[in-house]
Amino acid sequence: MDTQKRTPWRRWIVLVLMIAGFILGGIYVPVQPEITVAAEKLLEEPIAENFLGLGPLYLVNTIPTLAVTIVLLLVLAFAANRSLKKSQKTDLVPTGVGNAMEAILEMLYNLTETSAGTKWAKAIFPWFATIMIYVLFANLLKLIPGFESIGVLHHAHGEGHTIAELGGNWANILPEKVEEGGYILAPFFRGISVDLNFTLSLALISFFAIQVIGVRSQGIGYFSKFFNTKRMFKVPFFGAMDFLVGLLEIISEFAKILSFTFRLFGNMFAGVVLVAVVASLLGKISILPSMIFMFELFVGVIQAFVFGMLTMVFMAMATQGHGDEEHADH
Amino acid sequence: MDGNILDAARFVGAGLAMIGAAGAGVGIGLSVQGALTGMARNPDTYGNLLTNMILGVAFSESIAIYCLVIAFLMLFKVV
């Protein structure tokens, strides 16, 4: 045989890392972190006393993560752009990053076309792809080691943990709890999808984009879905019923914001709690957190897909309107 | 035995709130069952059924998420 047999040494890295986690978990005992719904403050003092007249603005630990995510996305975009430009000079076949992005985007575009139709796919696709890739990065970045485990120590106001000095300004937090004079950890990085502000703003963007697409496709007639007065005078009883159903439609439209927000936040927050509880549950030796991280990978991809997919389907529904009912009248 | 009765009430309430997840579980199971039956009968519709199934699962799941949010609100004393 002239082709040398490929030695798949890379797959052993995973096993080595899992065993390392197993052993290191015995030396540096996992500590159950302070689980808070709001992002932790890195600095006790606000960085702006009265930000835009709304109140004090704190440096919370989702802001560094947001910066990292945006920088990563920019780097990816530039790399894909360069790779595609290079392929234009030769034979139009991209390699590396450009190839991967082209495959992903083509798949997403075909998905959009099958559920939204060719006419509106061009308008809907950017929202879908942007939200999906952004949320995917937000969810997967959370899994990098060091996230939610390295940070600054604050003096606890209530119950806190004892610490062991490691030299320099560094210290290791210990699982023992003390009533007075303890410390709590505020990590430098916290996954941005574990912050309600991120998911809420994304849900609001998606909600308004849905309305804009609806108005663009049907004009002002889009709002007849909510204030349905079409049959009000022809058949008064069913007309009034249609109007009430339209009002219910308004409520379900606003429930979209709530369900978008809490679906992503709830799933990601449940992941954080699960990892924390499982890591500290079994104490010294446990290989379970790495298994939970695999599950988290799966959940992160699925939730990113669901967020983008639901935006896309709601947009497709907004473009279609009530065509069927009008036909039923005749 | 010592402790705060309010803490106990919070934990019990959070546990009771999560009963609602049972309904979402049944819903997800039914939609997956339907999709799988469809796929088994007509394997060509696999992709179409899969995306619609994920949508349906997401809708059912959001009910469970509401329960989870209520449980979190109780557990972490947000309100």
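Let's start with where α4(A) meets α6(A). On the α4(A) side we have A:Ser206, A:Ile210, A:Ile213, A:Gly214 and A:Ser217. They meet A:Thr311, A:Phe314, A:Met315, A:Ala318 and A:Thr319 of α6(A). Contact means C-beta atoms, placed from the backbone, within 7 Å. These residues split into five nonpolar, five polar and no charged. Here Ala, Val, Leu, Ile, Met, Phe, Trp, Tyr, Cys and Pro count as nonpolar, Asp, Glu, Lys and Arg as charged, the others, Gly among them, as polar.

A word on the source. This is a predicted model, where local features need pLDDT of at least 70, side-chain atom pairs count only at pLDDT 80 or more, and totals for chains, interfaces and linings use all residues. Residues are numbered from 1 along each chain as its sequence is written, with chains lettered from A and ligands numbered from 1 in the order in which they are written.

Now the geometry. Helix α4 (residues 196-218) and helix α6 (residues 288-320) of chain A have axes that come within 8 Å and cross at roughly 25°. Axes are lines fitted to C-alpha atoms, for helices over the stretch in contact, with angles from 0 to 180 degrees between N-to-C directions. Helices are DSSP runs (H or I, at least four residues), numbered from the N terminus. So α4(A) is roughly parallel to α6(A), a term for angles under 35 degrees.

Next, A:Val135. Beyond its neighbours within four places in sequence, A:Val135 contacts A:Ser193, A:Leu264, A:Ala304, A:Phe307 and A:Gly308.

Last, the two chains. 13 residues of chain B contact 13 residues of chain A. The chain B side divides into ten nonpolar, two polar and one charged.

Notes:
Helices (H or I, at least four residues) and strands (E, at least two) are DSSP runs, numbered from the N terminus. Angles under 35 degrees count as roughly parallel, over 145 as roughly antiparallel, 65 to 115 as roughly perpendicular and the rest as oblique. Two residues are in contact if their C-beta atoms, placed from the backbone, lie within 7 Å.
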